[in-house]
Amino acid sequence: MRTTELVSGFRQSAPYVNAHRGKTFVIMLGGEAIMQSGIRSIVNDIALLNSLGIKIVLVYGARPQINQALQQAGLEPQYHNRVRVTDDESFRLIKQVAGALQLDITARLSMSLSNTPMQGAQINVVSGNFVIAQPLGVDEGVDYFHSGKVRRIDTNGIRRQLDNNGIVLMGPIAASVTGESFNLTAEEIATQVAIRLKADKMIGFNEAGGVTDEDGQITAELMPNRAEEIMQRLAADSDACVGTVAFLNAAITACRAGVPRCHLVCYNEDGSILQELFSRDGIGTQVVTESAEKLRRAAISDIGGILDLIRPLEQQGLLVRRSREQLEMEIEHFTLIERDGLVIGCAALYPFPEDNVGEFACLAVHPDYRDADRGSILLKSVIQQARQRKYDRLFALTTRSIHWFLEQGFQLVTVDDLPSQKKQLYNYQRRSKILALDF
């Protein structure tokens, strides 16, 4: 009977072994999971995934370990809007905790793993400055000090290590371009890495083994909108698991940005990650992507959606205000990204045929969908349209996104370089920077 179960299980897992080989998984190992006695088995299973040809980025957190260290030092953890405030004294301890965990995890992945499926295997664990951070700054008068967020990720560097069959290990501390270090959340790092690597899966752990319904049963699958409803309900419950809320938030963001599946499994059940990935039914909860997005030219019926998208940016002074009547007259110039009937991105190409140039304008992306670089998708579409019209140049005016345009290949120019018609309309009080891309 035992042999039959083994053969049956092996045959059932074979298709998944083939399907997962060569794919990229971002695994988020929260501090709660690291504290459990089953962490050895979890690490062994991660090593096993690596041996099966799966490319692994392992992001570890340290929330409970940090809080414990602060408490032992007589320091009270400080938060503002649920974000940790990391002052100098706290940061010294946080770096010690994060560094110790990195060494511990590396050691576990480097051991001979005798009496495990990985006995005798050689695993390369690689850590480095793959994530560049920037400070959160000051919010509502509260200085976050050394708390930061992701600014840039070296995806090429990560891919080189993954292609060499290494496991890339990342912690919650990242350096900035100014040589400083900042404290980030593991959830943000895992999410941004998964999005920018175009990972096939993001995987996390919690105590319950997924998201439970009102009867305490695991919900096998959630679409992002439903997952968001559950996350908001859990966030309002003081007894809810912080790690579950954080993972759901990460999974929703990742899925909406193109990561196909995000899995949440139990850190106390032996082999949970293997059962989830290599069995027909799985055992955890997965958040899966919604229907595909469409890039298309705008129509009159899209006016309302475009207005909803650009009004907040106009109120912030990031975009020049456009009336509904003006949009109706200019709608033929707009390109948009639609997702399930919702306009989540738009941009316009205004023609200046007398100078044989075009203006890239009114770029806006819905706040929930800004992590997959949809702005670049819209820009590429507008560039293609400009080239089809055989324009010599595409120019843009901006007050806040200068570096983004420079990264896209634009160059700074002066007011004198504008088409004569546009030059007459230039607002010297707004003092927009002018950038141009020559074809």
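**Close-up views of a predicted model**

**View 1. Tyr 144 is a buried residue, with a relative accessible area of 5%.** That value is under 20%, so Tyr 144 counts as buried. The model shown here and in the other views is predicted. Tyr 144 sits in a loop. Strand 8 (142–143) and strand 9 (148–153) are the two strands that this loop lies between. Leaving aside residues up to four places away in sequence, Tyr 144 touches His 80, Asn 81, Val 83, Arg 84, Val 85, Thr 86, Leu 136, Gly 137 and Asp 139. With His 80 there is also a specific atom to look for: the side chain of Tyr 144 reaches the backbone oxygen of His 80 at 3.2 Å. Ser 420 gives a sense of distance across the model. From C-alpha to C-alpha, Tyr 144 and Ser 420 are 47 Å apart in space. In sequence, 276 residues separate Tyr 144 and Ser 420.

**View 2. The structure holds one cavity of 30 Å³ or more.** A general point comes first. Empty space is found by rolling a probe the size of a water molecule over the atoms. The largest cavity has a volume of about 120 Å³. Its lining is made of 13 residues. Gly 30, Glu 32, Glu 187, Phe 205 and Gly 243 are the lining residues that lie nearest the centre of the largest cavity. Helix 2 (31–34), strand 13 (201–206) and helix 9 (242–256) are the elements that give two or more residues to this lining. Strand 13 has the largest share, with three residues. By class, six residues of the lining are nonpolar, four are polar and three are charged.

**View 3. The second largest pocket has a volume of about 340 Å³.** It is lined by 15 residues. Closest to the centre of this pocket are Gly 9, Phe 10, Ser 13, Leu 274 and Phe 278. Helix 1 (2–20) and helix 10 (272–278) each supply at least two residues of the lining. Helix 1 gives the most, with eight residues. The lining of the second largest pocket has eight nonpolar residues, six polar residues and one charged residue.

**View 4. Phe 360 and Phe 405 form an edge-to-face aromatic pair.** Two values describe a pair of aromatic rings: the distance of the centres and the angle of the planes. A search of the whole structure finds six aromatic pairs. In the pair shown, the rings of Phe 360 and Phe 405 are 6.0 Å apart, centre to centre, with 75° between the planes. Phe 360 belongs to strand 20 (residues 357–365), and Phe 405 to helix 14 (residues 402–407). The pair therefore ties together parts that are 45 residues apart in sequence. Both Phe 360 and Phe 405 are buried. The two rings also belong to one aromatic cluster, formed by Phe 360, Trp 404, Phe 405 and Phe 410.

**View 5. Tyr 426 and Tyr 428 form an edge-to-face aromatic pair.** The ring centres of Tyr 426 and Tyr 428 are 4.9 Å apart. The angle between their planes is 80°. Tyr 428 counts as exposed because its relative accessibility is 56%, over the 50% cut-off.

How values were computed. Residues numbered from 1 in each chain as written. Predicted model: local features only at pLDDT ≥ 70, side-chain atom pairs only at ≥ 80, totals over all residues. Heavy atoms only, no water. Helix = DSSP H or I, 4+ residues; strand = E, 2+ residues; numbered from the N terminus. Buried < 20%, exposed > 50% of the residue type's maximum accessible area, 1.4 Å probe, protein only. Contact = heavy atoms within 4.5 Å. Polar contact = N/O pair within 3.5 Å; in protein donor to acceptor, adjacent residues only side chain to side chain. 1 Å grid on protein atoms, 1.4 Å probe; cavity = no way out; pocket = protein on both sides within 12 Å on 5 of 7 lines; lining within 4 Å. Points joined across faces, edges and corners; volume = space filled by probe spheres on them. Nonpolar A, V, L, I, M, F, W, Y, C, P; charged D, E, K, R; others polar. Phe/Tyr/Trp six-rings, centres within 6.5 Å; stacked < 30°, edge-to-face > 60°.
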